[in-house]
Amino acid sequence: MDLWQRTWRDLRHCFDLLLPPACLLCGERLPHGASASEFCPGCRAGLPQPAPARCPVCAVAYRAPTPSLHHCESCLRHQPPFTRVHAVGPYAGTLQEAVQRFKYRGQLPLERPLGILLGETVLKGAPQRPDLVVPVPLHRNRLRDRGYNQALQLARQVGRQIKVPVAPDLLRRVRDTATQQGLDAAARKSNLRNAFAVARPLTGQRLLLVDDVLTTGTTARECAHVLLAAGASGVEVAVLARA
């Protein structure tokens, strides 16, 4: 260990003594040696787990106690352009609270623990790493109002976690659409039609599309469709929560 590393270690120790790191969700003091960007063991243990039975493509949960590899009715009727959804868990409980704080209340420090959780989920579920990580984009009007794109913040953390480059400008939202929240499936599809475009041709890259929550899957379908049309060889989706 060189002088700089020892100095930084000692400084961090002093900072932890003066300002003990606390959980970003509940505010409880973190165990000794934990990073200030982590959840406490209690909050991490309280995160809802994926249902044992769920669609192997879109990750929608089934009401069954045992694992199932059967595709859901939606995926059977209308095969998605993406091959798989990686989700940390259902949109409920502690995970829902964390997502809402991160997305709507400007709690940007949550990007790191949430991004780490999502990266771990991808590493567990993906047979091979993608070539690029692609965030679902916001239209410039929505970006101006919110101040940040939560999908981009997550994508950067996931890319760092799985050691894959992020392409922040590859996918663009070219039409300012109404919020998807509260719309039924048909209205969601109509709302997003022709809303996305790809900035440059692709040459067979495998892509990981990152967003915060997947509800009906309309956004993921539209994004994956234009990415495949631009030349991607395959698209997988990674989200924090599956509603």
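Select Leu171 and display its neighbours: leaving aside residues up to four places away in sequence, Leu171 touches Val134, Pro135, Pro137, Phe196, Ala197, Val198, Leu209, Cys223, Val226 and Leu227. A contact here means heavy atoms within 4.5 Å. The model is predicted, with local features requiring pLDDT of at least 70 and side-chain atom pairs pLDDT 80 or more, whereas totals for chains, interfaces and linings use all residues. Residues are numbered from 1 along each chain as its sequence is written, and side-chain values use heavy atoms, without hydrogens or water.

Leu171, Leu207, Leu209 and Leu227 touch the most other members of the largest nonpolar core, which has 33 residues. Such a core is a set of buried Ala, Val, Leu, Ile, Met, Phe, Trp, Tyr and Cys residues joined through side-chain atoms within 4.5 Å; buried means under 20% relative accessible area, exposed over 50%, and partly exposed in between, with a 1.4 Å probe and protein chains only. At least two residues each come from strands E1 (84-90), E2 (132-135), E4 (196-198), E5 (206-214) and E6 (234-242) and from helix H9 (218-229). H9 contributes the most, five residues. Helices (H or I, at least four residues) and strands (E, at least two) are DSSP runs numbered from the N terminus. Apart from this core lies another, of 31 residues, including Cys23, Ala34, Cys40 and Ala241.

Now select E6. How many of its nine residues are buried? Nine of the nine are, so E6 is largely enclosed by the rest of the structure. E6 runs parallel to E5, to which eight bridges join it, and pairs with E1, also in the parallel sense, over six bridges; strands count as paired if DSSP finds at least two bridges between them. To inspect individual positions, display His86 with its bridge partner Ala238 in E6, then Leu214 opposite Arg242 in E6.

Move to Phe102 and Tyr148, both buried. Their ring centres are 6.3 Å apart and their planes at 40°, so the pair is tilted. Rings of Phe, Tyr and Trp (its six-membered ring) pair if their centres lie within 6.5 Å; planes under 30 degrees apart are stacked, over 60 edge-to-face, and the rest tilted. A search of the whole structure finds one aromatic pair.

Finally, display the whole chain, with its nine helices and six strands. Of its 243 residues, 44% count as buried.
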